[in-house]
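I opened the model and kept notes on what I looked up. The entries follow in the order I made them.

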Amino acid sequence: MLPEVTLTDLQRATRDAARRFAREVLRPAALATDRLADPREIVHPESPWSAARRAARQQGYHLAGLPAEVGGLGLDPLSLHILLEEFGWASPGLALSIFSDAFPATAVLLHRPGSRHLLETIVAPFVADTEARLCSCAALSEPGHGSDALWAWKRGDSDARISFATRARRSGDSYLISGEKSAWVSNAPAATHALVWVTVSDTDGRSEGGGIALVPLDLPGVRRGPPTLLLGSRDFPQCSLGFDAVRIPAEYLLVEPARYEAAADQFLNMGGLSVGVAFLGLARAAFEEALRYCRERIQGGVPLVQHQAVQLKLFELFTRVEAARAFSRQAMVACLAPQARVPIEYSTAVKIHCTQAAFDVAHEAVQLHGAAGLAAGTVIEKLFRDARGGLIGDGCNRALALERSRDLIENYPI
Ligand SMILES: Cc1cc2nc3c(=O)[nH]c(=O)nc-3n(C[C@H](O)[C@H](O)[C@H](O)COP(=O)(O)OP(=O)(O)OC[C@H]3O[C@@H](n4cnc5c(N)ncnc54)[C@H](O)[C@@H]3O)c2cc1C
């Protein structure tokens, strides 16, 4: 790793503490979670997953992205990058599970900052929650809308061909939420709150555009499907969510149609950066596993690292990791700077670049392990399975590139 000459003492301390926490708490919990045969066990209050999330809360990591005015740590963008990479090194799934919990508080601060009620009932309890009782998810995709959910209700077109089947229908001073979200909503099996992407309609059911609603999941009419068991990322557990005329106060529709497109892009922007950096952590972990193994494994009478073909491969993997860090760090610092006006294609490019690097590095690292890289229960085998999901979760990489190529082609300055 390049010497971190630009880090302040505080950033260095943040990195060292996060690295220790990732190694001692998160990595063992992620491995134990991955081995559970029944996905229902993952979210049990006594599970390794729940214990790791509680430990993260007790260290105050849930406050990382919240401003100091509401009791957050107000970390600078570079510190956030450092934290996400270190947690992602332990496991991108667990890292993203922990940081997703801040969705409702962040959304309230962005979209309803003047609501005393929401500050008192959503933001303050989250800040004070050191037991990880509160857990959150983002329910965007639906059984009938995966990639195309990314461009639902975009370009301000009220006749948009693609719209969410989940609806928020106005009813007096509240909205009624009805519909189904896909079986892939991460954190949903344990979530107490969901941000739900909806089509907003008036009292007569006429569509007005897209919206994002905050739904407490203990309300009457909320259903959860059985937990889903994926190939990897089992420490970001999933299930579907259903809503049968769930009544929420009108102010819980945090994003209304007029602001939907900008808000959805902002969410995608943050999601792309976070997922990218968490998977950079996985890429580094896979490279380190490969290097360790190649130093120890003797073939042809010498350690693998003494064979030139292996040296070339290790150097290639090292370069991929360093390039992913340099790009994602620069983009995160630029995108999260106050008053930033960075085109959204940069955060999408970070997501695509880092998840592809993670998959490629994990794939080659398995190859360098030989059969040992395929053995169930090893770190490298889990990293490889987890890496595959990165190319699909938070938007398939090709669909994301398609969505953003229009902005790139229209706006790139030449
Ligand atoms: C690990 C993981 C975590 C997830 N977490 C969440 C979550 O928290 N919340 C949530 O709401 N959802 C979540 N999802 C769902 C995720 O957002 C969707 O899986 C993703 O957007 C793709 O949708 P899909 O699976 O329906 O695939 P589809 O959209 O059906 O795509 C299938 C294939 O067709 C391609 N394709 C689609 N459209 C086009 C096009 N126009 N041109 C060319 N090719 C195209 C895609 O690239 C893909 O290869 C998660 C998924 C995973 C794997």
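**Entry 1: Leu109**

I started with Leu109 and found its place in helix H5 (residues 103-111); helices here are DSSP runs of H or I with at least four residues, strands are runs of E with at least two, and both are numbered from the N terminus. The model is predicted, so I kept to its rules: local features need pLDDT of at least 70, side-chain atom pairs count only at pLDDT 80 or more, and totals for chains, interfaces and linings use all residues. Residues are numbered from 1 along each chain as its sequence is written, and side-chain values use heavy atoms, with hydrogens and water left out.

I then listed the contacts of Leu109 (heavy atoms within 4.5 Å). Leaving aside residues up to four places away in sequence, Leu109 touches Leu66, Pro67, Val70, Leu119 and Val123. For Val123, 14 residues from Leu109 along the chain, I noted a C-alpha separation of 8.1 Å.

**Entry 2: domains**

I looked up the domain assignment, which gives domain 1 (9-128), domain 2 (136-255) and domain 3 (260-411); such bounds come from an automatic or database assignment. Taken over C-alpha atoms, the centres of domain 2 and domain 3 are 29 Å apart.

**Entry 3: domain 2 against domain 3**

I found 21 residues of domain 2 in contact with 18 residues of domain 3. The buried area between them is about 1,600 Å², and carbon and sulfur atoms give 60% of it; this is the accessible area (1.4 Å probe) that the two parts lose on being put together, summed over both.

I counted one salt bridge between domain 2 and domain 3, the term being a side-chain nitrogen of Lys or Arg within 4 Å of a carboxyl oxygen of Asp or Glu. Asp235 forms a salt bridge with Lys382, with 3.7 Å between the closest N and O atoms.

On the side of domain 2 that touches domain 3, strand S4 (193-201) and strand S5 (207-216) each supply at least two residues. S5 gives the most, with three residues.

**Entry 4: ligand**

Which residues come nearest to the ligand? Of the 15 around it, they are Ala138, Leu140, Ser141, Ser147 and Trp184, where near means a heavy atom within 4 Å.

A polar side-chain atom of Ser147 lies 2.7 Å from a ligand oxygen. A ligand nitrogen is 3.0 Å from a backbone N or O atom of Trp184. In Ser186, a side-chain N or O atom is 2.8 Å from a nitrogen atom of the ligand.

How values were computed:
A polar contact is a pair of N or O atoms within 3.5 Å; within protein, one must be able to donate a hydrogen and the other to accept it, and residues adjacent in sequence count only if both atoms are side-chain atoms.
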